[in-house]
Amino acid sequence: MVVGRFAPSPTGPLHFGSLVAAVASYCDAKSQGGQWLLRIEDVDTTRRVDGAGADIIHTLQHYGFVWDGEIVYQSERSEHYEQALTQLRKQALAYPCTCSRKEIADSSTQVGIEGAIYPGTCLHHPVKANTPAAWRLKTTAINLGFKDRILGWQQHAMAADIGDFVIKRADGLFSYQLAVVVDDALQGVTQVVRGADLLQSTTRQIHLQQCLGYLTPDYAHIPLVLNAQGQKLSKQTLATALPLDNLKDTLTQAFNFLPYLPKPVPRFSSLPALWQWAMTHWQLSPAAHPL
Ligand SMILES: [Zn+2]
């Protein structure tokens with residue numbers, strides 16, 4: 001059974017880029033007779049915008065998406081994340097860290113894919129007293145790779161490119177990486193189709209899956225929708241909210257953007273007919289496009 005998912009963060013309304021990601025995961029799961037789950041990724045409650053979750057759900061319904069099962073909210077799942085952290089602690093794979101950003105920047109000697117590599121200070125020295133601790137996952141000097149369904153082989157040297165990364169923040173919030181891995185596993189997700197901005201996160205997620213004894217889903221990272229300035233559409237780049245009229249035109253634009261549907265997309269008299277065409281013609285295959 002194929003199980004896919006769409007997992008938006010409720011930091012603002014859906015925009016064209018999020019529609020493209022939703023369409024890709026939806027077509028991929030549904031064209032294989034699979035399930036498609038909807039998960040609201042509000043684990044970082046400091047970034048959550050009131051009403052954005054409900055707005056996203058309403059917009060998806062409006063565009064004709066039908067999800068399977070109950071909508072899952074990460075903000076209600078702390079006990080699952082805590083259990084995973086407990087397991088990692090018992091296995092001595094996680095350790096507390098009281099270093100500040102500045103201390104890490106000052107002591108790090110290596111630069112990875114996202115800046116300074118954590119030098120392992122708190123692994124080798126006692127943590128500071130009366131200081132809130134984050135929890136870090138140990139990485140080892142292995143190359144961890146996976147075959148992306150679109151982009152082919154991807155890998156990172158875990159220690160040199162990533163380093164020991166935070167799975168629970170000092171403010172008590174669980175990290176995106178831990179929450180996603182626990183949710184994908186507990187929800188039985190078998191295929192992740194998402195934007196290429198998350199490509200760099202995937203080896204961390206696979207490392208976590210291996211530490212927790214979870215299966216690894218198949219991954220496919222689709223091209224990002226960029227604005228005229230070449231930036232990813234997002235709240236930060238002031239992407240406009242999806243319109244709630246002209247649904248067929250907007251959905252056709254999303255189908256035209258995705259290289260996994262024939263071009264040009266034919267015109268249809270109804271939204272269901274347009275969806276039906278996409279389900280029949282969807283083919284996720286290695287594409288020749290650059291990211
Ligand atoms: Zn530390």
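1. The model is predicted. Within it, strand E12 (residues 218-222) is largely enclosed by the rest of the structure, because 4 of its 5 residues are buried.

2. Strand E12 runs parallel to strand E11 (residues 191-195), and 5 bridges join the two. One of the paired positions involves Gly-195, whose bridge partner in E12 is Ile-222. The path from E11 through helix H8 (residues 202-212) to E12 forms a β-α-β unit of right-handed sense.

3. Asp-28 belongs to helix H1 (residues 16-30). Its relative accessibility is 3%, so Asp-28 counts as buried, the cut-off being under 20%. Leaving aside residues up to four places away in sequence, Asp-28 touches Arg-149, Gln-191, Val-193, Trp-282 and Leu-284.

4. The zinc ion has as protein donors the SG atoms of Cys-97, Cys-99 and Cys-122 together with the OH atom of Tyr-118, at 1.9 to 2.3 Å. Along the chain, these donors follow the spacing C-x1-C-x18-Y-x3-C. Cys-97 lies in strand E4 (residues 94-97), whereas Tyr-118 sits in the loop between strand E6 (115-116) and helix H5 (121-124); the pair therefore ties together parts that are 21 residues apart in sequence. Cys-97 and Tyr-118 are both buried.

5. Which geometry do the 4 donor atoms around the zinc ion adopt? The arrangement is tetrahedral, because the angles they subtend are 102 to 122 degrees, and the criterion for four donors is that all angles lie between 85 and 135 degrees.

Methods. Residues numbered from 1 in each chain as written. Predicted model: local features only at pLDDT ≥ 70, side-chain atom pairs only at ≥ 80, totals over all residues. Heavy atoms only, no water. Buried < 20%, exposed > 50% of the residue type's maximum accessible area, 1.4 Å probe, protein only. Contact = heavy atoms within 4.5 Å. Pairing = 2+ DSSP bridges. Right-handed = clockwise from strand over helix to strand, strands pointing away. Donors = N, O, S within 2.8 Å, 3.2 Å for Na, K, Ca; no water. Tetrahedral: all angles 85-135°; square planar, octahedral: opposite > 155°, others 65-115°.
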